[in-house]
Amino acid sequence: QVQLVESGGGLVQPGGSLRLSCTASGFTLDYYSIGWFRQAPGKEREGVSCISSSDGSTYYADSVKGRFTISRDNAKNTVYLQMNSLKPEDTAVYYCAAIKGLGPQAMCVGSYYYGMDYWGKGTLVTVSS
């Protein structure tokens, strides 16, 4: 079965950290740019961070720069999102997506215009004391 599965979400206090994982099954991530997106209640989906398939170039939304780090381990068919210094406004459902032939900035900024090849079902991150 071809799918992306996110894991690692949960409840964390402000200032804390979480690491999200996005693992592919049924296909290899090697040739895909991978992105992390989030959607909070009542808000539009936001491209948080994306990483290219080729040179490992990355894009980060201004809201997470310096706090979040995206990385990929093609041997494990997995992409990670390390989230540090979490804030209540980071609370959202986090989704990963995969697309071929698109750079990380275009993927993160233009997700409403480009059809992603695959989406995961999401993992909930709640930042609260």
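## Basis

The model is predicted: local features need pLDDT of at least 70, side-chain atom pairs count only at pLDDT 80 or more, and totals for chains, interfaces and linings use all residues. Residues are numbered from 1 along each chain as its sequence is written, and side-chain values use heavy atoms, with hydrogens and water left out.

## Strand pairing

Helices (H or I, at least four residues) and strands (E, at least two) are DSSP runs, numbered from the N terminus. Two strands pair if DSSP finds at least two bridges between them. Strand E3 (residues 18–25) is antiparallel to strand E1 (residues 3–7), with 5 bridges. Ser21 in E3 stands opposite Ser7.

E3 also pairs with E8 in the antiparallel sense, over 6 bridges. Here Leu20 has Leu81 of E8 as its bridge partner.

## Nonpolar cores

A nonpolar core is a set of buried Ala, Val, Leu, Ile, Met, Phe, Trp, Tyr and Cys residues joined through side-chain atoms within 4.5 Å. Buried means under 20% relative accessible area, exposed over 50%, and partly exposed in between (1.4 Å probe, protein chains only). The largest core has 29 residues, and Leu4, Trp36, Phe68, Leu81, Met83 and Tyr94 have the most contacts inside it. At least two residues of this core come from each of E3, E4 (33–39), E5 (46–51), E7 (68–73), E8, E9 (92–99) and E11 (123–127). Another core, of 8 residues, lies apart from it and includes Cys50, Ala97, Met107 and Cys108.

Thr78 is part of strand E8 and is buried, at 6% relative accessible area. A polar contact is a pair of N or O atoms within 3.5 Å; within protein, one must be able to donate a hydrogen and the other to accept it, and residues adjacent in sequence count only if both atoms are side-chain atoms. The Thr78 side chain makes such a contact with the side chain of Thr23 at 3.0 Å, and reaches the backbone oxygen of Lys76 at 2.8 Å. Contact means heavy atoms within 4.5 Å. Beyond four places in sequence, Thr78 is in contact with Ser21, Cys22, Thr23, Leu29, Arg72 and Asp73.

Tyr80 is also found in E8 (residues 78–83) and counts as buried, at 13% relative accessibility. Not counting residues up to four places away, Tyr80 touches residues including Arg19, Leu20, Ser21 and Trp36.

Rings of Phe, Tyr and Trp (its six-membered ring) pair if their centres lie within 6.5 Å; planes under 30 degrees apart count as stacked, over 60 as edge-to-face and the rest as tilted. The count comes to 4 aromatic pairs. Phe27 and Tyr32 are edge-to-face, because their ring centres are 5.3 Å apart and their planes stand at 70°. Tyr32 and Tyr118 form a tilted pair, 5.9 Å centre to centre with 55° between the planes. Tyr32 lies in the loop between E3 and E4 and Tyr118 in strand E10 (residues 118–119), so this pair ties together parts 86 residues apart in sequence. Phe27, Tyr32 and Tyr118 form one aromatic cluster. Phe27 is buried at 12% relative accessibility, Tyr32 is buried at 9%, and Tyr118 is partly exposed at 24%.

A charge sits over a ring if NZ of Lys or CZ of Arg is within 6 Å of the ring centre and within 35 degrees of the ring normal. The charged end of Arg45 sits over the ring of Phe37, 5.9 Å from its centre, and over the ring of Tyr112, 4.4 Å from its centre.
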